[in-house]
Amino acid sequence: MTGWRLLLTRPAEECEALAATLAEAGVHSASLPLLAIEPLPETAEQRAAILELDRYCAVIVVSKPAARLGLELLDRYWPQPPFGQAWFSVGAATGAILEAYGVDVSWPERGDDSEALLALPQLEHALARPDPKVLILRGEGGREFLAETLRARGVQVDILELYRRYLPDYPMGTLAATLRSERLNGLVVSSGQGLLSLHELAADTWPELSELPLFVPSPRVAEMARQLGAKRIVDCRGAGAAALLAALRETAVVAS
């Protein structure tokens, strides 16, 4: 895998951790964070949802920022998490944050997306009760598929938005200059919004970038990339470092 030179686009602290893991595997990377996280001010709605946390049979956390900010709220208003409450995460990295805190959390073994979570037997079991209620912790304007699917199954769903994501302000030409100076030959995005930010920042250079291998975390983001015209899409079936490394090995074999 030593031939790979990747552009990482996650939020800054996540880029740093991923870059270190890739370096250990002999993969060069350069970081250009295309998503920044801004916590939303605490509102009366947030406080009410957290204070009434024990009325939910399940809590679903869709991202690492949602996990960190949600646990900060939990710390402020609960001496310990409600007993026996089931927590779920979209992905192992988010689940690890919750597990380290001490909540009873489950996540799909394969796939870091809502589709994989909805197929999880533990979630079905948690919802198998009269009038099930679920709280979803996420960012502002997050994907509606999870909530809509649960509501269609007869679940009452409340959503607690904890942060907003935005594209940092870069000078024109930063992306192209980074690709040239670092001699990069692959792109990595960790979410649909990250992909859209990459496309936006690329602007007129997107046709050139679309020829590079693009590593994405799920079939949904792969389809988004196809619609944007990306030519070489690799679905890692997960957003974590292990999934990316596995995809790099497989893609390197194909490329050789």
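## Contacts along the chain

Counting pairs of residues at least 6 apart in sequence, 66% of the contacts in the chain join residues at least 24 apart; a contact means heavy atoms within 4.5 Å. This is a predicted model, in which local features need pLDDT of at least 70, side-chain atom pairs count only at pLDDT 80 or more, and totals for chains, interfaces and linings use all residues. Residues are numbered from 1 along each chain as its sequence is written, and side-chain values use heavy atoms, with hydrogens and water left out.

## Overall build

The chain has 12 helices and 11 strands, taken as DSSP runs (H or I, at least four residues, for helices; E, at least two, for strands) and numbered from the N terminus. Its radius of gyration is 19 Å, close to the 18 Å that the globule rule gives for 256 residues, so the chain is as compact as a globular protein of that length. The radius is taken over C-alpha atoms, and the rule is 2.2 Å times the number of residues to the power 0.38. Along its principal axes, the C-alpha trace spans about 55 × 35 × 35 Å.

Buried residues make up 49% of the 256; here buried means under 20% relative accessible area, exposed over 50%, and partly exposed in between (1.4 Å probe, protein chains only).

## Helix α7 and its cover

Take a look at α7, residues 145-152, where Leu146, Ala147, Thr149 and Leu150 are buried. Viewed down the helix axis, the buried residues of α7 fall within an arc of 165°, so they line one face of the helix; the arc is that of the directions from the axis to the C-beta atoms. As background, an α-helix has 3.6 residues a turn, so residues three or four places apart point the same way.

The cover over these buried residues includes β4 (58-61), α5 (114-118), β7 (133-139) and β8 (156-166). After α7 comes glycine 154, with a positive phi near 90°.

Most residues other than glycine have a negative phi.
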